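Please keep both in view while reading.

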Amino acid sequence: MAKTTHEFRDAIHSFITCSTDERKVINSRPMQRLRHIHHLAMTYLLYPGATHRRFEHSLGVMHLATRMFDTLTDPENLRHLDSNVRSLIDEHIGSDRQKNHWKTVVRMGALCHDVGHLPFSHGAEELLPEGISHETLTWKIITGPHMAELWRSLSISEPEEIAKVAVGAKEASRMNPPKILSPWEDLMAEIVVGNAFGADRMDYLLRDSLHTGVAYGKFDVDRLIKTLRFLPQPPEGEGGESDNPVIGVELGGLHAAESMLWARYFMFSQVYFHPVRKIYDLHLQEFMKAEFSRGIPLDDGLEQFLKLTDNEVLASLRKAAYDPLSPGHDPARRIEKREHFKKFFELTFSERQSNPLALQEVAEAARTKWGKENIRVFDKDKSAGTVQFPVRRDDGKSIPAQAQSPAIKNLPVVTTGYIFINPQSHMEARKWIAENRGSLVKDLNQGEAS
Amino acid sequence: MISLKQYAITLALTKKLRENDSWCGETHLQKSMFFLESLGNSSLGYNFILYKHGPYSFDFHDHLDELKTLGFIDLEYIPPYGPRYKVTGRGEGLIQEQQIDSDPLNDMIKATATCLAPKKVKELEQLGTALLVWKEDQTAPSEARAQRLTILKPHITPEDATKATQEFETILPCFQQHSCHA
């Protein structure tokens, strides 16, 4: 008799299982394409082990989302909820048929959440036309002809349910026309791409940590998932109660939640915002702008797009690196021969607080001095300290995590701003910054930073 | 990129809401900013959608995060309640530096805070949705707008929808009186 359950060995989760119909989704063209898209773009030029792909990450997200769904919807774990908060849950998973339906939607949303990624993941996103993001493409692929038959096999009549869970409320609202998630769909999307405990985040932290060799990304994922609960949202003042549940954590899982949020902070500091990684991203963008001067092909039902992976881009890049006449020669050469621009200025957190525009002001001064073709800027802040979720205390009350945990309330913000320069002028630029930092970085309130 | 002026407008709104005894959680700020954006005749660049609890802007949510990162606002936690926003000393400095007191939008900020600060989140959801319905068709009669409100938000009863529509009509002239043309 043919097997009905299939297994994948995985470096993080040991075994990941799927049904025969789900395996057809995994074997589909949009999913198999992810075998050829690096999860961390060109980070492998800095952390040599970071060659993992979006394919195995997607399987991992499906696996974790399933475990989260099972814990959150376990009747034992719903008993504490008041009837008004529980009504939304009962309405959607009151029967086994409903529950199985939504479990499949969550699994498939998790599996397919990255199918719209461009070559080298986020690195090339700026090449997309205004209003189009990789989430837009994910939505189009999930709801388009490439996957329609697969959803029918899984008895899913509305592929938009999967797309909503895959991209989440924020990105769905940016579609044209905007797609609005119902409170239940929003809750299911939180399992997959949620800001606090999304399976996407959990898997990428663990997987990127393993492959980069940066151990700070690890946390107790088993304990965390076991203690996740649907909880009432803490009221916004007297009379500010909401009937919609959110995903929170039992008090016993708070340390696991803390460690995940700190892991995220460390991974952003050490890996995602590493200056060498960022300059390779910038050079890659320059190369791709030259390579795709007419834009990323999105017509023809995404046929061309689905043919495009890191492999095609890498082949062109290596060729351009040794061909001075190629339009993308300069950035390709810088990547291939490791002659990337070098960081000469990094904005400190207190400088950013003193003047949010400081980085741009210093960059402008540098462009004036060395010419804009010799300067590159990376500017990003990530407020890891503002993740909101409730904690269920032993007395049954749900309170904001920050009210219970100083470790979460005082989580530092990851904020980064770099200015890079052509390596020929690196030493000169460093000297310039050392001599002029006080006058270049102006404090909004005091004229100049001390 | 968001300008320092935009930061300062949000800070001034937060400050005025607190001065008028608003709880000043995210819902209070979201709905107040929706009124300011819709009736202030000065586009602040936030894209609002009809979300779970009425008009909501993910851009504005990110903007609030950014203000916290930069130390212009902070969050207070008083269990068992959710967080409430307050302007920090640094934020007060930016309001002054950007001269919001003499900005054409300042009267509108005051009017928004005065009208909306006493409201609970459910009232804000209903009023915000009433404004959104009014924006769809300003010529529609009250009854039709109340009906439309219950279609958009089925959990709002017809009685509450009628009440919210009428209340919106009551406060609208106050906003229109202070509406600027910056």
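The sections below describe a sheet, a pocket and the surroundings of one leucine in this predicted model.

## The four-stranded sheet

Chain A contains an open sheet of four strands, arranged in the order β3-β4-β7-β8, and the pairing within it is mixed. The edges are formed by β3 (228-232) and β8 (398-400) of chain A; each has a single partner strand, so one side of each lacks a neighbour in the sheet. On average, and with direction ignored, neighbouring strands are turned by 45° against each other.

Strands of a sheet pair through backbone hydrogen bonds, in either the parallel or the antiparallel sense. For β3(A) and β4(A) (residues 245-250), the sense is antiparallel, with five bridges. A:Arg229 has A:Gly248 of β4(A) as its bridge partner. Helix α9 (residues 183-193) of chain A packs on the sheet and touches both β3 and β4 of chain A. The direction of α9 makes about 40° with that of β4(A).

## The second largest pocket

The second largest pocket has a volume of about 290 Å³. Its lining comprises 15 residues; those nearest the centre are A:Asp82, A:Val85, A:Pro232, A:Gln233 and A:Ser398. Classified by type, the lining includes five nonpolar, six polar and four charged residues.

## The surroundings of A:Leu298

A:Leu298 lies in the loop that runs between α13 (275-291) and α14 (303-307) of chain A. Apart from neighbours within four places in sequence, A:Leu298 contacts A:Leu128, A:Pro129, A:Ile132, A:Leu137 and A:Phe305.

How far apart in space are A:Leu298 and A:Leu210? Their C-alpha atoms are separated by 34 Å, and the two residues are 88 residues apart in sequence.

Key:
Residues are numbered from 1 along each chain as its sequence is written. Chains are lettered from A and ligands numbered from 1 in the order in which they are written. This is a predicted model: local features need pLDDT of at least 70, side-chain atom pairs count only at pLDDT 80 or more; totals for chains, interfaces and linings use all residues. Side-chain values use heavy atoms; hydrogens and water are left out. Two strands pair if DSSP finds at least two bridges between them. Helices (H or I, at least four residues) and strands (E, at least two) are DSSP runs, numbered from the N terminus. Axes are lines fitted to C-alpha atoms, for helices over the stretch in contact, and angles run from 0 to 180 degrees between N-to-C directions. Contact means heavy atoms within 4.5 Å. On a 1 Å grid over the protein atoms alone, a cavity is a set of points where a 1.4 Å probe fits but cannot get out, and a pocket is an open set with protein on both sides within 12 Å along at least five of seven lines; lining residues have an atom within 4 Å of a point. Grid points are joined across faces, edges and corners, and a volume is the space filled by probe spheres set on the points. Ala, Val, Leu, Ile, Met, Phe, Trp, Tyr, Cys and Pro count as nonpolar, Asp, Glu, Lys and Arg as charged, and the others, Gly among them, as polar.
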